[in-house]
Amino acid sequence: RESDRRAWTPVSYTVTRQNATIQGLIEGKAYFFRIAAENLIGMGPFTETTKEIVIRDPITVPDRPEDLEVKAVTKNSVTLTWNPPKYNGGSDITMYVLESRLIGKDKFHKVTKEKMLDRKYTVEGLKEGDTYEYRVSACNIVGQGKPSFCTKPITCKDEIAPPTLDLDFRDKLIVRVGEAFSLTGRYSGKPAPKVTWLKDDIVLKDDDRIKIKTTPTTLCLGVLKSVREDTGKYCVTVENSTGSRKGFCQVNVVDRPSPPVGPVIFDEVYKDHMVVSWKPPLDDGGSEITNYIIEKKDTHKDMWMPVTSATVKTTCKVPKLLEGREYQIRIYAENLYGISDPLISDEMKARDRFRVPDAPEQPIIKDVTKDSAVVVWNKPYDGGKPITNYIVEKKETMATRWVRATKDPIFPGTKFKVPDLLEGCEYEFRVSAENEIGVGDPSPPSKPIFARDPIAKPSPPVNPEAVDKTKNSVDLSWQPPRHDGNGKIIGYLIEYQKVGDEEWKKANLTADSCPETKYKVTGLTEGLTYKFRVKAVNAAGESDPAHVPDPVEVKDRLEPPELILDANMAREQHVKAGDTLRLSAVIKGVPFPKVTWKKEDHEVSPKADIEVTGVGSKLEIRNTVHEDGGMYSLTVENPAGSKTVSVKVVVLDKPGPPRNLNVSDVRSDSCYLTWMEPEDDGGSVITNYVVERKDVASAQWVAISSSSKKRSHMAKYLMEGTQYQFRVAAENQFGRGPYVETLKPIKAIDPLHPPGPPKNLHHVDVDKTEVSLAWNRPDRDGGAEITGYLVEYQEDGADEWTKFQTVPMLDCVVTGL
């Protein structure tokens with residue numbers, strides 16, 4: 001009985017031994033038990049257990065701990081870890097005991113402190129050079145279990161290795177402004193070395209652009225969007241207690257120069273020439289200035305005319321001027337990496353007279369918002385006296401009166417932010433210049449603008465790269481700009497430049513011809529090396545260009561063919577007759593492989609449509625018939641190799657006609673039909689045969705069996721004397737195949753057999769040359785009327801019988817003997 005209940009439950013009445021196993025108990029419950037003896041007279045008194053028994057599995061000591069490993073060794077300590085035993089003996093682990101044995105001694109000694117449950121322990125206070133082995137045991141409430149397997153002998157010594165440094169970069173590195181660069185390498189050493197990066201002897205630290213990443217084996221310094229200030233001598237130091245190693249790289253971040261420093265000084269002005277001077281750019285872009293380009297422009301014309309493009313001096317004589325005309329001078333600085341933005345001079349007349357300033361050129365409107373606009377203009381000729389003020393005026397395009405934008409003086413700047421515009425209205429602006437003589441004529445009105453928040457130019461595209469190339473083309477890919485300037489990206493402009501040339505050529509003329517973030521630049525010359533750059537375009541204009549990092553040499557890239565099979569190119573493809581068969585695969589390889597489809601090593605059927613695209617191939621056969629089945633193979637081949645895959649195509653159709661239909665055992669009311677399975681089962685198991693018969697006088701076929709799985713059938717219930725035709729067809733899950741018919745009608749009659757032998761043959765009379773014979777009719781006529789009797793004779797002792805004649809009656813006279 002359960003300890004918390006009073007009722008006893010019988011366990012067994014038929015135990016004859018002095019022990020019994022009691023089953024069906026509940027783990028964790030407490031029970032009392034009692035037992036009584038019984039004989040023929042009756043049952044004796046019960047004996048009861050003295051205390052309750054709680055049901056639980058027996059507890060043993062734990063198994064041995066597993067995976068004892070040495071994690072670290074120094075000259076005076078060893079660190080070990082282990083995993084718990086697979087079985088804890090039925091009771092929680094209470095502690096672990098770690099033991100050690102000095103090699104050369106016999107006994108193991110306990111090294112752990114009391115009640116240690118951690119599975120990691122560092123044995124300290126060891127003697128340098130001594131060699132030990134270790135083992136660990138687990139304890140539970142019962143006691144200490146078996147020890148684990150011993151470690152290998154461990155000698156106490158420090159692991160020391162001097163640093164090594166393997167760098168992936170050269171001594172010098174040239175980087176274009178805006179591009180990222182990285183310095184990477186691998187190192188090692190024990191103890192683990194400390195890695196330090198320096199630039200010009202100053203320690204570098206992580207920030208928004210500088211990324212330092214160090215792992216236990218690799219080191220990397222990355223600089224995003226490099227600027228000119230990143231130029232310098234970079235040093236990486238790997239150091240530990242045994243020594244240090246250093247690596248150096250001189251990084252030069254180069255760019256085109258900044259513009260020459262203005263203003264342009266008109267040192268001398270004459271009616272037919274001027275002498276101008278300027279200051280060199282503040283930044284030569286990391287490469288010395290190789291040239292200055294000087295151009296002049298008659299302010300009445302839009303065309304800049306070259307003055308010289310071959311001077312390194314910062315002064316130049318501008319000849320061939322027309323007296324009274326106004327001129328502007330612009331100057332570019334050039335280095336190995338490009339041409340700077342221009343420095344443009346003020347306007348200067350080719351004679352010196354004092355008057356009011358000339359009218360400025362048509363002002364340009366920038367940074368338009370819903371209530372303001374910035375008006376920008378160029379300084380006009382000052383009439384020989386310095387300009388003291390500019391007057392900016394505005395008017396709505398539908399109005400006639402100009403209104404001053406401000407009463408405050410505007411000088412010396414040549415731009416002004418006009419406030420207080422009405423959102424959505426269209427405005428024009430004009431500018432006049434003033435000197436001590438008076439106010440000059442106003443400029444032509446600016447182009448009309450609407451007062452609304454602006455669309456800015458987009459930022460450059462991100463990460464342009466060359467992803468593929470052939471002998472005359474390069475495939476470029478990039479990511480969209482990080483900022484679209486609040487306007488939809490119309491597309492991209494792609495430009496390329498032969499290395500060594502100065503001119504960038506357009507690969508596409510309009511941005512909308514490249515709306516995607518990829519483009520194939522064609523028409524390139526095999527063997528030459530090109531640079532590429534990409535600009536994003538929205539309604540506000542073109543972004544700054546993003547350059548492909550490295551020049552690309554134009555040549556065919558060889559990649560062996562690769563086939564990525566579609567699901568319909570599994571080893572066996574089943575298709576129902578009349579359906580469409582489709583086989584297709586994705587094809588890779590450079591140059592694109594030649595594609596060949598074959599069936600059983602022959603050309604495929606002309607009815608097959610084969611399509612080859614730049615990424616794959618497809619074979620399609622409509623209205624398939626059984627003959628379209630077979631082994632199809634797809635071979636792709638280019639100069640780098642070839643690859644072939646095969647697929648077995650099974651066209652599932654109705655079966656063909658059965659073979660060798662034969663009729664035997666014809667009786668007056670039945671006959672036996674046999675046949676062989678069709679040559680073609682239609683790709684599916686024959687499920688049954690259909691047997692039909694027809695009276696030759698009737699047009700109607702009658703089914704006599706439609707579910708037979710055997711290749712024979714007994715046709716019963718025939719009409720005696722009637723002629724029949726029979727036919728058989730095979731069926732599978734796709735339908736019934738064509739019938740095969742008996743070649744000629746079968747007549748339902750019992751079969752004919754030869755008659756039995758005549759009975760009681762005897763001679764009636766004998767002469768010297770003849771014998772008279774008589775006999776009786778045979779017992780059986782074989783199913784047909786007897787038509788005659790054949791009489792033969794044989795000379796005694798001869799082998800052959802000689803035919804005499806056939807007679808219709810039961811007697812005959814044999815003559816000529």
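Two strands are said to pair if DSSP finds at least two bridges between them. With that in mind, please note that what is shown here is a predicted model.

Let me begin with strand S7, which covers residues 95-102. Which residue of S10 is the bridge partner of leucine 98? It is valine 136.

S7 and S8 form a hairpin, with six residues between the two strands. In the turn, glycine 104 has a positive phi of about 110°.

Why may we describe S7 as largely enclosed by the rest of the structure? The reason is that seven of its eight residues are buried.

I turn now to serine 772, located in strand S66, residues 771-776. Is serine 772 buried or exposed? Its relative accessibility is 18%, and because buried means under 20%, serine 772 counts as buried. If we set aside neighbours within four places in sequence, serine 772 is in contact with His762, His763, Val764 and Asp765, and also with Cys812 and Val813. Aspartate 811 lies 39 residues from serine 772 along the chain, yet their C-alpha atoms are separated by 7.5 Å.

Finally, the protein as a whole. Its secondary structure comprises zero helices and 69 strands. The C-alpha trace spans about 180 × 100 × 65 Å along the principal axes. The radius of gyration is 56 Å, whereas a compact globule of 817 residues would have one near 28 Å.

Of the 817 residues, 37% are buried. Among contacts with a separation of 6 or more, 62% are between residues 24 or more positions apart. The protein exposes about 49,500 Å², of which carbon and sulfur atoms supply 50%. As for charge, there are 115 positive and 122 negative side chains, and the centres of these two sets lie 6 Å apart.

Thank you for your attention.

Key. Residues numbered from 1 in each chain as written. Predicted model: local features only at pLDDT ≥ 70, side-chain atom pairs only at ≥ 80, totals over all residues. Heavy atoms only, no water. Helix = DSSP H or I, 4+ residues; strand = E, 2+ residues; numbered from the N terminus. Rg over C-alpha atoms; globule rule 2.2 N^0.38 Å. Buried < 20%, exposed > 50% of the residue type's maximum accessible area, 1.4 Å probe, protein only. Contact = heavy atoms within 4.5 Å. Areas by Shrake-Rupley, 256 points an atom, 1.4 Å probe, with all protein chains shown as cover. Lys, Arg positive; Asp, Glu negative; His and termini not counted. Charge placed at Lys NZ, Arg CZ, Asp CG, Glu CD.
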